[in-house]
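Notebook open, a few spots to look up today. I'll go residue by residue and jot down what turns up.

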Amino acid sequence: QEHFRTHVIDSPADDAGPTILLAVHLCGRLAVHAVRLFNESPHRVSLLALKPCCLPAAQRNDDREFIAIGGHRFCVGDVSCHGRFVKGQWRGETRSHLRDRFESWCDHLLAGMDVTGEQTLASGDRRADGDGNGASESGGEGQTEGDAFEGARGAKDIVTEQLQTDGGYQNEYLFARRTRLAPRRPPVRPRA
């Protein structure tokens, strides 16, 4: 994540072209980091292709913990699960019962994707949506939770392909694209 931020997002190279962020098989909260990297770079990343994998692991107090990304906020307890794979065998909640929770997880990730770049640029702070403080309950203008969105500056959607069978439920693929990149903001210089 820091390597991507240093060499892509914050790169001073003006000749660097648009970047595609391909995030495949991201377990749990790694998917949130991919969405944040996309949101933090409206001047550089034109496409995010995200294939989430596992749900976030259940933790104590999940019902009181929230994740905020791109102006969208949701409760971790609504999408977390008890279980994990051990030597290729699932140990935990019945996997077939996790399908609805996984679809909800994907809807939340999609709602957090800022294809316009306006939320990030307007905040003045790239990390404003990272800690849950000050995040609004809805996406940007025209963005609705769990729905495809297409606007003048971008589009996002979930595509379902039945590739996993025999109890597999993780068949959602998320895409966000910017048709126009935001202008690069000059770096903020600390006052002397």
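This is a predicted model: local features need pLDDT of at least 70, side-chain atom pairs count only at pLDDT 80 or more; totals for chains, interfaces and linings use all residues.

Started with S46. I find S46 buried because its relative accessible area is 17%, where buried means under 20%, exposed over 50% and partly exposed in between (1.4 Å probe, protein chains only). Residues are numbered from 1 along each chain as its sequence is written, and side-chain values use heavy atoms, with hydrogens and water left out.

S46 sits in strand 2, residues 45–52; strands are DSSP runs of E, at least two residues, numbered from the N terminus. Leaving out residues up to four places away in sequence, I see S46 touching P18, T19, F38, A176, R177, R178 and L181 (contact: heavy atoms within 4.5 Å).

Next, H82. I placed H82 in the loop between strand 4 (72–75) and strand 5 (83–86). Buried or exposed, this H82? H82 counts as exposed, because its relative accessibility is 55%. Setting aside neighbours within four places in sequence, H82 still contacts A58, W90, G92 and E93. I also checked T94: 12 residues from H82 in sequence, and 9.6 Å away in space, C-alpha to C-alpha.

Last, V24. V24 belongs to strand 1, residues 19–26, and counts as exposed because its relative accessibility is 52%.

Key. Helices (H or I, at least four residues) and strands (E, at least two) are DSSP runs, numbered from the N terminus.
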